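Morning, everyone. Please bring up the model on your screens, and I'll talk you through some helix packing.

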Amino acid sequence: MKLTKNTFSAPGFRMCVSCVLILLSVTGCKKGLLDVGQQVGAVDAENAYTSNGTAQSILAGIFDVMGATGSFYHGQNSISLLMGLSADELVNYSSSVVYGQFFTNNLSGQGNNSNYFWATIYQQLYNCNAAIAGLTSSTALTPAVKNQLLGEAKFARAYVYFYAINLYGDMAMPLTTDYLTNNTLARTPKAQIYQQIIQGLKDAQALLSDAKYLNGTGGATTDRLRPNKQAASAMLARVYLYTGDWANAEAQASSVISTSIYVLEPNLNQVFVKSSRETIWALQPISTGYNNADAYMLVVTASPLASALTQLPLNQTLVNAFENGDSRFTNWVGKYNAAATGTAPATTYYYAYKYKANTTFGSSAPVTEWPIELRLAEQYLIRAEARAQQNNLDGAKSDLNVIRSRASLAAVTASTQTDVIAAVAHERQVELFTEWGHRWFDLKRTGKIDAVMGVETPKKGGTWAAYKALVPIPASEILIDHNLTQNPGY
């Protein structure tokens, strides 16, 4: 797996003893709010954590790389796009072989498609492990700085692990930087990794600042670019939901909802701008030329059939899921009318228009949108589902109606637990579409994926089998680590 010394010899990474510092030299970066002044190019293990500034640079580097175009956070390789293609959210008209394989649910452990998430996941786990080890052993840092940075590192590691196990299932779980040990790890059961994630997020809650946000130098800021206690609570709420711990999911979501700095934006066009009061945690895009690079791939500006663009329209199944009068459709779904050309008939393409800054721009242009990782609406939906599962139907409907009211829709009238849970699933589909693979992961965790994809995959030109709910582990990684086994079916 990508845990050897050679891991960091790839383009865009510089090998150094304290590997996280290489993240500060990612190509194409521009100065932004996470910068901490003079960035450190490379240091050795002895001086990496002997000053607040150097330690802050290391953590800034971790979040800088999360904001770089091309990882699974945003851009052409993002989870939002690839799992949107895999599910019933997006349509592929491009000539990309990999996009075609995700779209038709035809991944292979032998192909390039299996590397899209793996390399990023294990590079970032290594970086987080290195930071946690260095911060834990350091005696030179100011206690407040040490706590904040350690909390950020533990949050980031838990965040990455969450996506790792939901993509791959049981995973090797490295918690150190010992690559000789890491390259012989077998797969750890997903349930055990979930316990590690939960503990990491609890640790982060205890270490991170409450309500306020800090920048790369530890000063207070209005920008929500570094995780705080509420970000850890929001992730805990999601994890508890995925593991069926309804009471704790409700409690954690409630703690976020009750924090006064978070407000559901009444104007839907303000939800995804960088000043949104709904944002719990966002990333700062650092690559010159983009806001959120997902928008560049999702906003259709020409006929996909008549151009070389790789823009991805919405699947008609998703378009049909919106109720009449849903203002999310009006504000978050765009429409491109393609005129007839040659043998191609006139066609209307619907596309995701949550992020609207889809054009490239120069390095001096203002950034208006950030990739939003966690937002308040999800917490209402988590609490609604958790309450419904505990048979608190009035409480569940109350949360759903908060979301529906903003979307100009009537209150939920469902009266049975089954119907309320179905109403939650519907709201998640039309509220969280093209965000972070929510639809794909929801189908998996609720046991609906075989029924839905058994219908959808043939429409996309593929065939469905239950094993395809997990993505394959790259065959090259299994050759490196003989204790690592492939997901069944691949």
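This is a predicted model: local features need pLDDT of at least 70, side-chain atom pairs count only at pLDDT 80 or more; totals for chains, interfaces and linings use all residues.

First pair: α4, residues 118-137, against α5. The angle between them is about 155°, and the axes are 9 Å apart. Anything over 145 degrees counts as roughly antiparallel, so that is the label for α4 and α5. The crossing is left-handed.

Who touches whom? On the α4 side, the list includes W118, I121, L125, C128, I132 and L135. On the α5 side, L149, L150, A153, V160, A164 and L167 are among them. By class, this contact has 16 nonpolar, 3 polar and 3 charged residues.

Now stay on α5, residues 143-168, and turn to α8, residues 229-242. Here the angle is about 25°, with the axes 11 Å apart. The cut-off for roughly parallel is under 35 degrees, so α5 and α8 get that description. Their crossing is left-handed.

From α5 come F155, Y159, F162, Y163 and N166. They meet A231, A232, M235, R238, V239 and Y242 of α8. That contact splits into 9 nonpolar, 1 polar and 1 charged residues.

Last item: α15, residues 417-431. How far does α15 reach from its first C-alpha to its last? The span is 21 Å over 15 residues, close to the 21 Å expected at 1.5 Å a residue. Several α15 residues are buried, including V420, A423 and V424. The buried list also holds charged residues: E427, R428 and E431. Q429 and V430 are buried too.

Conventions: Residues are numbered from 1 along each chain as its sequence is written. Side-chain values use heavy atoms; hydrogens and water are left out. Axes are lines fitted to C-alpha atoms, for helices over the stretch in contact, and angles run from 0 to 180 degrees between N-to-C directions. Helices (H or I, at least four residues) and strands (E, at least two) are DSSP runs, numbered from the N terminus. Angles under 35 degrees count as roughly parallel, over 145 as roughly antiparallel, 65 to 115 as roughly perpendicular and the rest as oblique. A crossing is left-handed if the near helix is turned anticlockwise from the far one by less than a right angle, and right-handed if clockwise. Contact means heavy atoms within 4.5 Å. The expected span of a helix is 1.5 Å times one less than its number of residues. Buried means under 20% relative accessible area, exposed over 50%, partly exposed in between (1.4 Å probe, protein chains only).
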